[in-house]
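Please examine the sequence and the model that follow.

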Amino acid sequence: MLKGVLFLTYVFLCFSIIGTDADVRKSFNITQLSASDPARYHALRLFNNDHPNRLRPALKKCPLSNMLFPVKIFSTEEPYFCPAVFISADSLLASALCLKMMQPVDDHPSSHMFVMVEAEHVFYYEGGRRYINKIFYHPKLDDEPAYHNVAIVKLRNPIRETITPNGQSIVACLWSEMNLRSDKVYLGEWFKYQPEQNAAFRWLDLPVLTKKECREELSKSKAIVPEFDRGIVESQLCVRDKKNRTMIEFCEARSSGPLFMTLGSTVYVVGMPTVHIDDCNVHVEVFNRVSSFLDWIEAIVWPHMEMP
């Protein structure tokens, strides 16, 4: 009996000591749980969002595997073309100012403007052409052309196939965040290196600059760029010429189109061109972030899909 009492007394003293130590240490409360270090609690960030039903329309339609696939918009009335990129089977994203140059005010685009892609499995129809039905220009284009240089081109007939023989989609995804997840982006563009020949195509991998670096580089310009009357703003991003050594300089005539970023096997459009800076003292180009136009784009391309 005495041994039992002594044992219970020992156990009680041990728990008393442990309890005293716990009071001294800072206690943890569930309200202290923070997202500042989610990996501490085995929480891993989901890509884009947590469930397809909560994604915005542009991400719901984003293919898992696609490719860099710029295309050309032509006119039967003009000797030049505009670069663009598919964002759905019947919609393309393009430079509004380029299209404005090509479209006379009194002519409907369906009478003379069309898209042509060299992949026959996509455009084996009407001699490889898809005529344009309508062009949607950003509503603020006339007020601030360089800052809203974006247009959506709707085709008269959607393309029948968006998947290439190797299983990749030709439809580009739209990046929905202001910040990029890579410090390197890509630009597929045509350039005219010999006047008597057709434009050649090249891929450029371009480093992204900070706003400060971009402003410093633009300050080297000997000519004023009137379109940038507000300077470089948050809704824009800049890339630097990496001296790709592809026959022409960054400052020469080029068909700068959509700016891409790749994450895994998915290709995203992150930027659209502003205006070409034809000053060879300047080795940067300025793009508008696609994420700042996403509400307007989604309302036109996917009007019947609900926002999250």
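Which residue does a disulfide join to Cys-214? In this predicted model, the partner of Cys-214 is Cys-238, with an S to S distance of 2.0 Å. The pair links distant parts of the chain, since Cys-214 belongs to helix α5 (residues 211-218) and Cys-238 to strand β10 (residues 236-240), 24 residues apart. The link of Cys-214 and Cys-238 is left-handed, with -65° about the S-S bond, and both residues are buried.

The count of disulfides comes to three. Another of them is formed by Cys-62 and Cys-173, whose sulfur atoms are 2.0 Å apart. Cys-62 and Cys-173 are both buried.

Cys-82 and Cys-98 also form a disulfide, with 1.9 Å between their sulfur atoms. Cys-82 is in strand β2 (residues 82-88) and Cys-98 in helix α3, 16 residues apart. Because the torsion about their S-S bond is about -100°, this disulfide is left-handed. Cys-82 is buried, its relative accessible area being 0%.

Attention now turns to the largest pocket, which has a volume of about 850 Å³. It is lined by 29 residues, and Cys-98 is among those closest to its centre, together with Tyr-80, Phe-81, Arg-254 and Ser-255. The elements giving two or more residues to this lining are β1 (70-75), α3 (96-102) and β8 (184-191). By type, the lining comprises 14 nonpolar, nine polar and six charged residues.

Note on methods:
Residues numbered from 1 in each chain as written. Predicted model: local features only at pLDDT ≥ 70, side-chain atom pairs only at ≥ 80, totals over all residues. Heavy atoms only, no water. 1 Å grid on protein atoms, 1.4 Å probe; cavity = no way out; pocket = protein on both sides within 12 Å on 5 of 7 lines; lining within 4 Å. Points joined across faces, edges and corners; volume = space filled by probe spheres on them. Helix = DSSP H or I, 4+ residues; strand = E, 2+ residues; numbered from the N terminus. Nonpolar A, V, L, I, M, F, W, Y, C, P; charged D, E, K, R; others polar. Disulfide = S-S within 2.5 Å. Buried < 20%, exposed > 50% of the residue type's maximum accessible area, 1.4 Å probe, protein only.
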